[in-house]
Amino acid sequence: MSLATTSTTARRVGFKVKDSLPIRHKRTFSTSPSSGVIDSDVVIVGGGPAGLALASALRSSSVSKRRLDITLVEAGDLDKIRAWNPSPGIYSNRVSSLTNASQSFLREIGAWKYVEQDRTSGVENLRVWDGVSDARIDFSAVTCNYPSPGMARLTENLNLQRGLLRHMADIRIIPRTKVTSISKDNEESGGWPLVKLDDEKVLRARLLVGADGFNSPVRAFARISSFGWSYDTQAIVATMYHPPRGVYEGPNTTAYQRFLPTGPIAFLPLGPTVSSLVWSTKPSLAAALLACESGVLANMINAAFRLPLISLKYLHERILEAHAKAVPISVTEIQEEIGWREQSHMIDVNSTYSSSTITRLGIPPADSEDVPPLVTEIQPGPFRTNCPRWPELGLSDVECLARCIRNALLTGSDIGSYTALLPYSQERYLANHTLMSAVDKLHKLFSNESEPVVWARSVGFEVLNELDTVKAGIMMTAGARPEKKSSAGSLGWELTAGAIQTLSSTSKTAGVVKDVVGSAVSSTLSNLTVKL
């Protein structure tokens with residue numbers, strides 16, 4: 001999320017401010033006959049979950065609702081999202097994970113009750129393992145003693161957006177409209193941003209908020225720089241169908257993630273017989289898999305969670321070779337290859353790790369929940385994307401920004417001033433960069449197949465898996481425990497307390513690991529415990 005208000009630039013904190021503002025007369029949302037410019041206190045560009053949540057949060061506050069004119073601009077058709085009513089059993093492929101902290105925020109602003117609960121699924125367990133060594137970490141809501149059920153809830157982005165739209169029915173929305181340019185008004189008129197739309201309208205914003213993705217015109221106007229590098233990966237996103245868990249097994253409330261050298265593959269529960277796939281892999285392999293029949297993708301998903309890495313690499317090579325010849329591999333061929341590979345690894349046909357048995361009768365094996373259910377069908381419409389999304393970060397940004405705006409109104413400050421917006425940057429800059437840094441380190445760590453690195457990270461996984469208190473702390477940091485945000489004035493105390501708690505937990509963990517396996521593993525674990 002990027003911010004821009006009036007005149008002088010403060011690039012380090014990510015928004016633009018004005019040193020001194022003229023006395024602001026009370027304005028209403030109207031078009032000036034002389035200028036044709038529409039004045040609005042807050043203009044939000046982008047109608048995704050973050051943009052809609054900010055508009056909803058501002059409208060839910062009695063202070064901002066009474067004193068602010070709010071306008072939301074979206075290039076897409078929000079009317080279709082508002083009227084979205086899918087058939088039973090049909091799911092949208094784009095799914096978000098809402099932690100308990102995000103759910104608490106949505107309840108606080110009154111939007112959660114508009115989200116259809118039957119289209120959400122709780123996550124009570126999380127199982128993560130190394131694709132090379134099979135070293136594991138298991139997180140459980142029960143052992144962590146969370147006050148609310150589960151660590152998070154999964155739901156479709158469209159379900160969340162529709163709920164937010166229903167909650168903010170009285171917000172002024174300009175749909176199906178793109179921003180063509182943004183400029184600064186003259187100083188006599190306040191120096192505020194002028195947002196020009198493709199329908200010839202011009203909005204003058206006291207506070208301009210960009211929730212419009214990577215190629216944000218708001219960020220470009222505010223001159224907020226960004227940097228990064230390509231991981232040479234793309235994500236396959238799909239909805240999967242599978243049999244329900246057996247009578248002697250738990251419900252489908254466990255999320256699975258296996259870190260392969262080519263990228264992680266995640267299996268996220270949406271219901272008793274349906275789950276969501278996010279598989280990050282090389283672009284060439286992603287293109288080849290999506291060019292095959294859906295049955296090939298279903299079999300490869302099952303294999304990706306079960307077969308050793310050496311066999312997965314061979315299957316990937318076969319798929320790429322067939323794709324290069326413009327003759328995609330068939331379902332029968334891939335099933336035969338997987339079956340032969342399972343026999344070579346001596347995987348019993350009745351084992352949890354066998355992909356040949358869909359329905360197992362009687363009492364399941366003790367490790368039946370170590371891997372996800374076998375996928376039998378892929379919903380039409382799987383796609384690949386270049387951009388990973390973290391809706392959790394967006395909602396945390398929204399909660400903080402809405403709080404800063406509310407506090408500015410309560411103290412009589414200008415909502416676009418440097419001092420009003422500084423707490424937002426102070427709080428969210430570190431949180432966002434911590435996650436991005438953790439993702440970068442995890443990518444580098446798990447894409448490396450050298451034996452010393454595999455050994456170090458595997459021992460780190462196994463040791464961390466025995467430390468329930470530290471695992472609980474990690475999940476609390478990730479938002480699994482709902483918490484009330486205090487005012488911006490006490491932010492320093494919160495950050496200090498959080499830092500002390502994090503440093504204490506990390507140092508104790510590192511000390512234990514150092515005594516057990518030496519300083520090399522301690523260094524690896526320190527990288528892992530930043531944030532999973």
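This is a predicted model: local features need pLDDT of at least 70, side-chain atom pairs count only at pLDDT 80 or more; totals for chains, interfaces and linings use all residues.
Local features need pLDDT of at least 70, side-chain atom pairs count only at pLDDT 80 or more, and totals for chains, interfaces and linings use all residues. Residues are numbered from 1 along each chain as its sequence is written, and side-chain values use heavy atoms, with hydrogens and water left out.

Rings of Phe, Tyr and Trp (its six-membered ring) pair if their centres lie within 6.5 Å; planes under 30 degrees apart count as stacked, over 60 as edge-to-face and the rest as tilted. The count comes to six aromatic pairs. One of them joins Trp 129 and Tyr 256. Their ring centres are 6.4 Å apart and their planes stand at 85 degrees, so the pair is edge-to-face. Trp 129 lies in strand 8 (residues 125–130) and Tyr 256 in strand 16 (residues 254–260), so parts 127 residues apart in sequence are tied together. Helices (H or I, at least four residues) and strands (E, at least two) are DSSP runs, numbered from the N terminus. Trp 129 is buried (under 20% relative accessible area), at 1%. Tyr 256 is also buried at 1%.

Phe 259 and Phe 446 form a stacked pair, 4.4 Å centre to centre with 20 degrees between the planes. Phe 259 is in strand 16 and Phe 446 in helix 12 (residues 418–446), 187 residues apart. Phe 259 is buried at 10%, and Phe 446 is buried at 2%.

Ring pairs also link Trp 129, Tyr 256, Phe 267 and Phe 305 into a cluster.

A charge sits over a ring if NZ of Lys or CZ of Arg is within 6 Å of the ring centre and within 35 degrees of the ring normal. The charged end of Arg 219 sits over the ring of Phe 214, 5.2 Å from its centre. Arg 341 lies over the face of Tyr 314, 4.1 Å from the ring centre.

How values were computed. Buried means under 20% relative accessible area, exposed over 50%, partly exposed in between (1.4 Å probe, protein chains only).
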